[in-house]
Amino acid sequence: MKIFFLFTFSTFLLSAFEQAAASAHYDKILTHSRIRARDQGPNVCALQQVMGTKKKYFSTCRNWYQGAICGKKATVLYECCPGYLKMDGTRGCPAVAPIDHVYGTLGIVGATSTQQYSDISRLREEIEGRGSFTFFAPSNEAWEQLNSEIHKNLVDNVNIELYNALHHHMVNKRMLTKDLKNGMTLVSMYNDQKLLINHYPNGVVTVNCARIIHGNQIATNGVVHVIDRVLTAVGNTIQDFIEVEDDLSSLRAAAITSDVLDTLGRPGHYTLFAPTNEAFERLPRGVLERIMGDKVASEALVKFHILNTLQCSEAITGGAVYETLEGNTVEVGCDGESLTVNGVKMVKRKDIVTSNGVIHLIDEVLIPDSAKQVIELGGAQQTTFTDLVAQLGLASSLRPEGQYTLLAPLNGAFSDDTLRMDQRLLKTILQNHIIKVKVGLNELYNGQELETIGGKLLRVFVYRTAVCIENSCMVRGSKEGRNGFIHIFRQIINPAEKTLHEMLRNDKRFSVFLSLVKAADLDDVLSRPGEWTLFVPTNDAFKGLTDDDKDILIRDKNALRNILLYHLTQGVFIGSGFEPGVTNILKTIQGGKLYLKTVNDTLLVNELKSRESDLMATNGVIHVIDKLLYPADLPVGNDQLLTILKKLIKYIQIKFVRDSTFKEIPLTFYKINIIESNVQPIIRKEEPIIKTYTKIIDGRPVEVTEKKVTEERIIQGPEIKYTRITAGGSDNEEKLKKLLEEEVTKVTKFIEGDGHLLEDEEIKRLLQGAGTEYTKVTKVIEREPQIIEREIKKVHLEEAPVRKAQPTRRTQGGTARRRTRLANH
């Protein structure tokens with residue numbers, strides 16, 4: 001039983017301690033200050049004082065080690081911790097401060113002005129007597145800083161105004177700093193006026209935004225906390241203040257339009273950065289009119305100025321990020337005595353305390369990204385792009401009601417040569433950076449295709465630490481605006497125009513490599529659709545290779561294929577998509593491994609530098625190298641081949657194993673699968689045509705009425721072939737064939753014109769439903785549906801003599817039947 005009691009009691013104490021510690025940030029910071037000053041003697045606390053001011057703080061670790069508060073250098077002071085005193089001839093503060101009633105304690109803590117006013121207002125008798133009070137006592141400096149007119153009114157009417165003002169600083173119970181919870185509301189001893197308490201993680205405790213600068217001075221009838229300003233009565237709600245403040249009429253109009261004003265009239269703990277009328281007048285007229293005419297944008301604008309936490313200016317000793325009601329964040333900091341928002345000094349008036357929060361007046365309007373047009377999202381590093389878009393007339397095509405995605409290169413991506421281009425060509429380049437739809441970063445996936453306003457399709461490649469579009473990869477800084485997203489890219493995006501084979505063929509640097517590719521029967525691989533990464537040696541890599549050497553290589557097709565296919569890997573791997581400094585292992589088609597990494601923006605392949613990387617092709621990407629690659633673990637068993645390879649490859653030791661052979665690499669890694677499906681014959685009858693004409697019968701003109709019926713019959717349907725390029729064989733051909741046949745049977749109409757039974761979109765839909773293994777499909781339609789047999793029947797309805805002879809013309813009468821067979825294409 002005793003053990004159970006001890007366990008329960010200890011659990012209770014621990015729980016109580018944790019709850020107290022969770023809210024007693026002031027006490028924690030004070031403890032740290034004692035630790036920092038332990039070399040100065042007992043009960044000494046280390047403080048920081050902002051140079052040029054009288055402001056002193058028990059500092060957080062960050063401010064302490066930075067040696068600064070609010071960006072200003074701070075000097076270190078050592079003082080007696082609250083409740084302790086110095087003794088002559090001893091180190092530190094070994095003596096405990098005497099305990100007196102509240103009136104006497106005001107003198108102990110140096111709040112002599114408050115003590116004097118308590119005396120003349122006849123409050124002294126009350127705070128010397130019986131009770132339990134908390135007195136938030138303004139320091140002497142606080143009284144000096146009080147508005148002179150208010151100060152004079154208080155002193156001139158000490159028995160009422162001053163007495164009531166002092167009562168407003170008092171609570172009728174003892175409250176230590178550990179009892180002052182964040183968000184708490186206390187009732188003062190004057191007219192039940194509210195005192196709003198905030199207890200911040202940095203140890204700052206405020207009362208109606210006045211900071212406690214010396215706390216927890218115990219008295220026999222309560223406790224005294226010294227504060228840095230004289231408290232004024234808390235007004236009504238933030239809504240009430242906005243509705244009566246003339247200088248906030250523009251904000252009031254925006255808040256009413258967006259239906260946000262009512263929110264600021266509800267209970268809460270808000271911080272409003274309120275732009276003045278002058279701040280709104282500084283906005284470009286077109287921007288302000290557009291936002292105010294768009295309820296969604298105006299709501300975002302107003303909510304972007306509101307925090308759902310109460311942030312008094314005295315609690316801000318460094319920069320911190322806060323979430324707004326709009327959903328995005330702002331950084332609130334300080335610069336000396338000034339508050340900053342997003343690093344800019346813009347606060348004209350601080351700490352207007354209301355019953356549901358605090359207001360800071362600012363002289364700039366904060367426009368969130370969500371209220372901006374997509375072209376307005378560009379930052380300082382994308383000004384070249386945004387300026388060019390405007391200058392070349394593309395900005396006007398970005399309609400406010402549209403949806404777009406801008407792929408904005410950094411300023412440094414635009415070289416002088418690019419900027420000197422013909423404007424028509426430059427406009428085409430910029431069009432390749434504007435997507436027709438709104439696509440966020442989390443909506444992008446590998447293999448996705450995005451259509452630009454210029455009609456180009458851009459491919460998306462997603463890697464472990466990067467997202468790239470064609471040859472360029474994103475950097476941090478994506479933003480969402482009212483009508484689109486903007487993503488930031490390292491380089492100008494160059495959409496692919498040619499296949500790998502065409503690129504090799506058009507560049508003389510690769511002529512030797514291309515000739516070997518052709519000799520190994522691999523040129524078709526580089527011509528067909530697919531997704532490949534090809535490491536291409538320039539002609540310099542083959543210096544010393546004679547025609548005889550080349551012939552030896554070509555005669556050993558297995559060896560040649562092993563060498564060439566070690567340069568090819570499945571998938572598109574952009575150099576800038578690799579995580580810098582980390583080795584990436586790629587399996588080649590030959591079976592060996594390539595080791596890639598980027599160092600100082602240079603791609604290394606098996607430690608060899610790529611001379612030029614990220615040359616995009618429609619079916620892959622090329623990285624240029626100046627050495628022939630060879631797998632270090634692949635032995636050579638032929639003396640002649642070994643001699644040739646040693647001429648070309650000097651950076652590794654090639655293994656020699658007598659009579660070893662290269663494995664055969666069949667082209668099963670690249671296979672064309674033909675899947676056929678036919679359609680049943682279709683019969684189509686046209687509406688009959690009735691016409692009248694004249695015939696000459698036995699030398700006499702006769703008027704003939706005839707009905708013409710045309711029937712077309714497709715007696716052989718189209719042969720539809722789907723070509724799939726894949727790696728490693730085709731285990732799912734039957735599945736795809738079955739799906740295709742099922743789809744074809746659903747087509748019941750004959751589509752005139754090109755005669756295609758399956759439109760491109762239907763094919764895409766079918767293949768998407770067939771599974772992810774069908775990664776690349778091209779459509780080949782041979783012998784498209786055509787009229788194989790046409791039968792025309794003419795039926796005479798009536799013959800009558802013609803009174804007046806008509807010019808004669810030979811024609812074939814009666815029933816005629818004609819078969820027409822059309823040649824295959």
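Colleague: Is cysteine 61 buried, partly exposed or exposed?

Modeller: This is a predicted model, and in it cysteine 61 has a relative accessibility of 42%. Buried means under 20% and exposed means over 50%, so a value of 42% puts cysteine 61 in the class between them, which is partly exposed.

Colleague: How many disulfides does the count come to?

Modeller: A disulfide is a covalent bond between the sulfur atoms of two cysteines. Here a pair of cysteine sulfur atoms is taken as a disulfide when they lie within 2.5 Å, and by this rule the count comes to five.

Colleague: Is the disulfide of cysteine 80 and cysteine 93 left-handed or right-handed?

Modeller: The sulfur atoms of cysteine 80 and cysteine 93 are 1.9 Å apart, and the pair links strand E4 to the loop between strand E5 and strand E6. Because the torsion about the S-S bond is about -90 degrees, this disulfide is left-handed.

Colleague: How many residues apart in sequence are the parts that cysteine 209 and cysteine 312 tie together?

Modeller: Cysteine 209 and cysteine 312 form a disulfide, with their sulfur atoms 2.1 Å apart. Cysteine 209 lies in the loop between strand E11 and strand E12, whereas cysteine 312 lies in the loop between strand E15 and strand E16, so the parts tied together are separated in sequence by 103 residues.

Colleague: Is the disulfide of cysteine 468 and cysteine 473 left-handed or right-handed?

Modeller: Cysteine 468 and cysteine 473 are both buried, and a disulfide joins them with an S to S distance of 1.9 Å. The torsion about their S-S bond is about 85 degrees, so the disulfide is right-handed.

Methods. Residues are numbered from 1 along each chain as its sequence is written. This is a predicted model: local features need pLDDT of at least 70, side-chain atom pairs count only at pLDDT 80 or more; totals for chains, interfaces and linings use all residues. Side-chain values use heavy atoms; hydrogens and water are left out. Helices (H or I, at least four residues) and strands (E, at least two) are DSSP runs, numbered from the N terminus. Buried means under 20% relative accessible area, exposed over 50%, partly exposed in between (1.4 Å probe, protein chains only).
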